[in-house]
Amino acid sequence: MKDSNGIVGNVFQIQRWSVHDGDGVRSTVFLKGCPLRCKWCANPESWKPHPEIFYFRDRCTDCAQCSLVCNHQAISKDEGVPHYFDREKCCCCGDCCEACPNGAKKKIGSLMRVEEVIKILKRDSIFYRESNGGVTFSGGEPFAQTEFLRELVLACKNFAIDTAIETSGYFEWEEAEDIIKELDTVFIDIKHMDERIHKRLTGVSNRKILENVLRISQNHHDVIIRVPLIRGVNDDRNNIEQMCQFLQENTRILGVELLPYHSLGHSKMDALDREGLEIFNTPDAEQVEHIKKIIAKYKIQNIDFK
Amino acid sequence: MSSNRIEKFKESYIHSKPSISIHRAVAFTQSHQETEGESVIIRRAKAFHAVCNRIPITIFEDELIIGSIGEFLRSGIVCPEYSWKWVEQEMDSFSTRSQDQYQIDEEDKEILRSEVFPYWRGKSLEETFLLRINDETAKLLIDTGIIDNDSKWRSAVGEITADYQDIIFKKGFEELKSHAVIRIQELEPTTKEALEKIDFYKAAVLVCDGIITFAHRYSDKALELAKEERDSKRKNELLEVARICRKVPQYPPETFHEAIQMVWFTQLGSILSENSLALNLGRFDQYMYPFFTHDVKAGIINEAQAQELIESLWLKLSEWVWAISSNTAQFFAGYNSFQNLTIGGRTRDGKDATNELSYMCLKATENVKTHQPGLSVRIHPDSPDEFLLAVCDLISVGTGFPAVHNDRVGSQMLLAAGLSPEDARDWSNCGCVVPHFRKVGEWTSAVNLNLAAALEYALNSGKSRISGKVMGLVEKKITAFKSYDEVKEAFLRQLSHLIKHSVIGTVTAQQIHAEMVPRPYLSMLVDGCMDKGVDLSKGGAKYNVGPVITGIGVADVANSLVVIKKLIFEEKKYILEELGKALAVNWKGYEGMRKDALACPKYGNDEDEVDRIAVEITDFYNKEIKSYKDYFGSSFNSAFMGISNYIPAGSIIGATPDGRKSMTPLTEGVSPHAGTDLTSPTAAMRSAAKINHDVHSGGTLLNVKFSPDLLKTQRNKKNLASIIRAYFSLGAFHVQFNVISTEILRKAQEQPNDYKDLLVRVAGYSTQFVNLSKEAQDAIIERTTYESL
Ligand code: SF4
Ligand code: SF4
Ligand code: SF4
């Protein structure tokens, strides 16, 4: 995307002091837009490429302040009628979010220029340097905004800031190859080895993802495989062994990081008036340990950024 | 884990209640009745001597380090010569008040009422100060929370660091005494100076005799107990202790055990002489190290034994209780006595000074979890990573210790205060976060100044919003301001006015101190006094550094000014008059405006727009303060440290433009206002580091709260170490971490009995959470956690 001042991207959060997405103290840039629809997604507000509005009903007092500022008739103004928010008419300008005295509405995502993002990222340079940290690009699927991502990564390189990416692996290799070569660390997900199950759970086949895992590991030496671990879905011995075999035979990676499922996404879905997540269970600590042992058996390192 | 002995001490310590021992007050008073007509310094020295000879000698079960200021395990004493009225008024409620309770015997109360207080009527420091201070200053200074210096006339000053390196361990009190005797013989009483010097040296002889006798009485007691002791191991211990107390502090120590006992006797002397705050232990790991290496090499002691002795001292330092009025207790909550002990840093010639004892001190604090000593570390670029990681380990335990200081900035602050480079490198902390040196005489916490009051008066025609009384300069009405700069200038004028009266309050107090309460015992511990023959209270120290005026509420004022700048003058969304009305009614009916105010940039989020205002205010504050000279001709100094005074300071301030509600707490040190630093700890640190720390020779303080789950793993601790180093490369002076989940704190509030040992960092210091008042507890809980980020 471009505006008159150059390349812009849709960013829904920049989190400073991010300490679980790679080495050291980091800042994580969350880019909006994702081609997958994982049924356990913790960031469903990242799915759509354009801005969206969170509406937290439990905080809303029906005071109708928001309706006064909305120029799109997206909020019913009738007195006595319960306050009604019509997403069809809403253009996600965010005016109502500022007007709401109760924090019941929040705009997700805004267009930012590369320099704007870099300016924020550079603020913590001294902390990155002392801790061997840097910047992590996350999403959504960061490669969904290839052009913007490329500029951000190159700009970071320019300032000698370490870069990492968290990707679903679902992207076109040709478009991403040059960026991947610039990145210092790549975190890439393997959600399931079975194509059919993968499709049912995420909406897409895993073929492209596994191909990209192969290519990345051939082109890059700091690759960490991430597995969102969900009880009864992908934590069975069979799936884990298959993955390990695949990795052992075909790739050179730093290791595997298990990320036990949590149910943070559901309340966000409610606030977006959306459906489509399923409720899953977190594997217990024992099961996680068990899986780690299987992984270790394949001489693959278990990595933890806790 | 500590030794069994220490675990047992800890147990009895936790379960004993602070109690008032009256013997010091009685002996001190009786002596004064016997010495009417003699010179003040001699009378005070004789009174000290009497105290050392008369107070009860108590050795508690199994102790290795002995000596106590009273007969109770946790004794507090009262010093009627400074102030007695509050004791008379409050002692009936000592055991029931909300903050810092004490037990006191009915008979003892009667003795105080009939034999002690009547003597001091009209003679105490407090009464004299109140009589002498001019009315205009008094209006702002006396129990108002606007400018506050009651610790300088309701109690003694404290704020010294005993010089073990060059005086106490080198000479012992016997040599000091003989030195004084020689000087008396040399001097001819022909001039004013000589007369005063002779008195000073006579007093020196008396106090040296006093502390030596005190130790000998302990020696006798230990022998007596040894005779009765059946257990042969304990018997031998008592005999050894008896031997040691015969030797120190009269003569220099030769072993680690002797040295530590000498430290404690020296400290006891300080407490008994004036019962004050911030009697610091200085660079303990440095002056104890030669004894440690010697003893280990000679096979006299092993590391476990040394550790046990260190932990014994830690418990001793925590046992005595600083008895204070309920008013003062709001400021200095939690029985804290601010005995600071500094480890790490550099040597006088600039090498890394970290040694085994530095690590053992960290371990001692982790093991005993007492609120004293106030453990401070100095970190410099070449501090070993292992040491900083050990520091982070201790931080992660959640005792609030240690306070972490930037070694180089500490030195810069002292260079700016006029010390030589070597002396500036040899600094240690005073109280909470004041860089200090053992040869310095300084009032390190002379006045607390409420910055938010200056802003309130600027916006409210000089009037307090709470009382409605005129307290500031009466200048223009809020409607008359034409620009942001006019508002800012008006604030700065009000601030200068408060600074001027802080100075008046201080020099008046200094004058009275020099006249009335010379400090013959403490003059033995600070270099310069003995050479010059001049008391510490009269400027006898090698260096006299000017008194420190601490500003409270930097964040609140910066946040408020940015709201005025943005909403009133830039966006023109409101007019000042409306804002004034909103503040007058504590925002009631102005919720929308308050929301806009809260949405303005807040200090602590690395936003230059507001952070620059904080820098501007603090720079101005420093220059204005430095333009005044104290009673001895030294420039005043600025600081942004904080005791728990941001709570009472807030209680006298109405609503502020930043959206803060009336009478709620302000902010301590250079920390962001509670709950407003939502970006990240790195952003909070960057904001705080924008302030020019090096010029505030009285110290600066940043409090960061961490949830313990962020500090569980080695990786987390390394990150913590990194952000400390990064913060220090940015030029900041001090940071400390509270690592406690709000959940635990809430539980502790509900079931205090289960959480008696839970330590939290209040501001410049740590104390038991359950000892704090409900409001102070709530304020701690409210501080931002970064847990959810
Ligand atoms: S985001 Fe804009 S269009 Fe949508 S409801 Fe709010 S004000 Fe109306
Ligand atoms: S302004 Fe906020 S609280 Fe009021 S009706 Fe709108 S969303 Fe609800
Ligand atoms: S790839 Fe990530 S962001 Fe996209 S849907 Fe799946 S979990 Fe959500």
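How many nonpolar, polar and charged residues does the shell around ligand 2 have, by class? Here are some friendly notes on that and on the contacts.

1. **Ground rules.** This is a predicted model, in which local features need pLDDT of at least 70 and side-chain atom pairs count only at pLDDT 80 or more, while totals for chains, interfaces and linings use all residues. Residues are numbered from 1 along each chain as its sequence is written, chains are lettered from A and ligands numbered from 1 in the order in which they are written, and side-chain values use heavy atoms, with hydrogens and water left out.

2. **Ligand 2.** To take the opening question: the shell has eight nonpolar, four polar and one charged residues. In this scheme Ala, Val, Leu, Ile, Met, Phe, Trp, Tyr, Cys and Pro count as nonpolar, Asp, Glu, Lys and Arg as charged, and the others, Gly among them, as polar. Of the 13 residues around ligand 2, the nearest are A:Cys60, A:Cys63, A:Ala64, A:Cys66 and A:Cys100; a residue is near a molecule if one of its heavy atoms lies within 4 Å of it.

3. **Ligand 3.** The residues around ligand 3 include A:Cys34, A:Cys38 and A:Cys41, along with A:Trp47 and A:Lys191. By class, this shell divides into five nonpolar, three polar and one charged residues.

4. **Chain B against chain A.** Here 26 residues of chain B meet 23 residues of chain A, where contact means heavy atoms within 4.5 Å. The two chains bury about 1900 Å² between them, with 57% of it on carbon and sulfur atoms; buried area is the accessible area (1.4 Å probe) that two parts lose on being put together, summed over both.

5. B:Asp606 and A:Arg123 meet in a salt bridge at 2.4 Å, N to O.

6. **Domains of chain A.** The assignment gives domain 1 (2-50 + 110-297) and domain 2 (52-108), with bounds from an automatic or database domain assignment. Their C-alpha centres lie 32 Å apart. The two domains bury about 890 Å² between them, and A:Ala271, A:Leu272 and A:Asp273 supply 51% of the area that domain 1 of chain A buries there, more than any other three residues. Four salt bridges span this interface; A:Asp273 forms a salt bridge with A:Arg87, the closest N and O atoms being 2.7 Å apart.

7. **Domains of chain B.** Domain 1 (4-121) and domain 2 (278-321 + 340-421 + 702-789) of chain B have C-alpha centres 30 Å apart. Their contact takes 24 residues from domain 1 and 20 residues from domain 2. The buried area is about 1800 Å², of which carbon and sulfur atoms give 60%, and B:Ile6, B:Tyr13 and B:Ile65 supply 32% of what domain 1 of chain B buries, more than any other three residues. The count of salt bridges between these domains is two, and the side chains of B:Glu63 and B:Lys316 meet in a salt bridge at 2.5 Å, N to O.
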